[in-house]
Amino acid sequence: MLDLKIITPQQMLFDGKAESVTLPGKAGSFTVLTGHAPIISSLVKGKIVCKGTDGVTEYNVRGGFVEVSANVVQVCIE
């Protein structure tokens, strides 16, 4: 499982566990799973899709960035 945090300048949108998260990168969408290599990437307009034990949650974003390290995914979005 991934520890996922999605924040905006105003609030924390999500803080919990996820099986996978799909993000809109500049070169196209990419999915982060458990064991993903460390990465820092900018995000473009699109959807973040979080899949977990409670189902699927989607967030529309205008841009931002993501950092992945040791099964921790931190997303800062506009």
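Trainee: Where is alanine 70?
Mentor: In this predicted model, alanine 70 sits in the loop between β8 and β9.

Trainee: Buried or exposed?
Mentor: Alanine 70 counts as exposed, because its relative accessibility is 67% and the cut-off for exposed is over 50%.

Trainee: What about its phi?
Mentor: Alanine 70 has a positive phi of about 50°, although it is not a glycine. Most residues other than glycine have a negative phi.

Trainee: Which loop holds asparagine 71?
Mentor: Asparagine 71 is in the loop between β8 and β9. Asparagine 71 also has a positive phi, about 65°, and is not a glycine. With 25% relative accessibility, asparagine 71 counts as partly exposed.

Trainee: On to the core. How many residues does the largest nonpolar core have?
Mentor: The largest nonpolar core has 19 residues. Those with the most contacts inside it are Leu4, Ile6, Val21, Leu23, Ile48, Val73 and Val75.

Trainee: And which elements give two or more residues to this core?
Mentor: They are β1 (2–7), β2, β3 (20–25), β4 (28–33), β6, β7, β8 (64–69) and β9 (72–77). In soluble globular proteins, nonpolar side chains tend to be buried together.

Trainee: What does valine 73 touch?
Mentor: Neighbours within four places in sequence aside, the contacts of valine 73 include Leu2, Leu4, Val21, Val32, Val66 and Val68. Asp3, Lys5 and Glu67 are also among them.

Trainee: Where does tyrosine 59 lie?
Mentor: Tyrosine 59 is in strand β7, residues 55–61.

Trainee: Why does tyrosine 59 count as buried?
Mentor: Because its relative accessible area is 15%, and buried means under 20%.

Trainee: What is in contact with tyrosine 59?
Mentor: Not counting residues up to four places away in sequence, tyrosine 59 touches Ile6, Leu13, Phe14, Gly46, Lys47, Ile48 and Cys50. Leucine 13 is 46 residues away along the chain, with 9.0 Å between the two C-alpha atoms.

Trainee: Switching to pockets. What volume does the largest pocket have?
Mentor: About 150 Å³. Its lining is Met1, Phe14, Lys17, Ala18, Cys50, Lys51, Gly52, Thr53, Asp54, Gly55 and Thr57.

Trainee: Which strands supply at least two residues of that lining?
Mentor: β2 (12–18), β6 (46–52) and β7 each do. By type, the lining has four nonpolar, four polar and three charged residues.

Trainee: Last one: is serine 41 buried or exposed?
Mentor: Serine 41, in strand β5 (residues 39–43), counts as buried at 16% relative accessibility. Leaving aside neighbours within four places in sequence, serine 41 contacts Phe30, Gly64, Phe65 and Val66.

Terms used
Residues are numbered from 1 along each chain as its sequence is written. This is a predicted model: local features need pLDDT of at least 70, side-chain atom pairs count only at pLDDT 80 or more; totals for chains, interfaces and linings use all residues. Side-chain values use heavy atoms; hydrogens and water are left out. Helices (H or I, at least four residues) and strands (E, at least two) are DSSP runs, numbered from the N terminus. Buried means under 20% relative accessible area, exposed over 50%, partly exposed in between (1.4 Å probe, protein chains only). Contact means heavy atoms within 4.5 Å. On a 1 Å grid over the protein atoms alone, a cavity is a set of points where a 1.4 Å probe fits but cannot get out, and a pocket is an open set with protein on both sides within 12 Å along at least five of seven lines; lining residues have an atom within 4 Å of a point. Grid points are joined across faces, edges and corners, and a volume is the space filled by probe spheres set on the points. Ala, Val, Leu, Ile, Met, Phe, Trp, Tyr, Cys and Pro count as nonpolar, Asp, Glu, Lys and Arg as charged, and the others, Gly among them, as polar. A nonpolar core is a set of buried Ala, Val, Leu, Ile, Met, Phe, Trp, Tyr and Cys residues joined through side-chain atoms within 4.5 Å.
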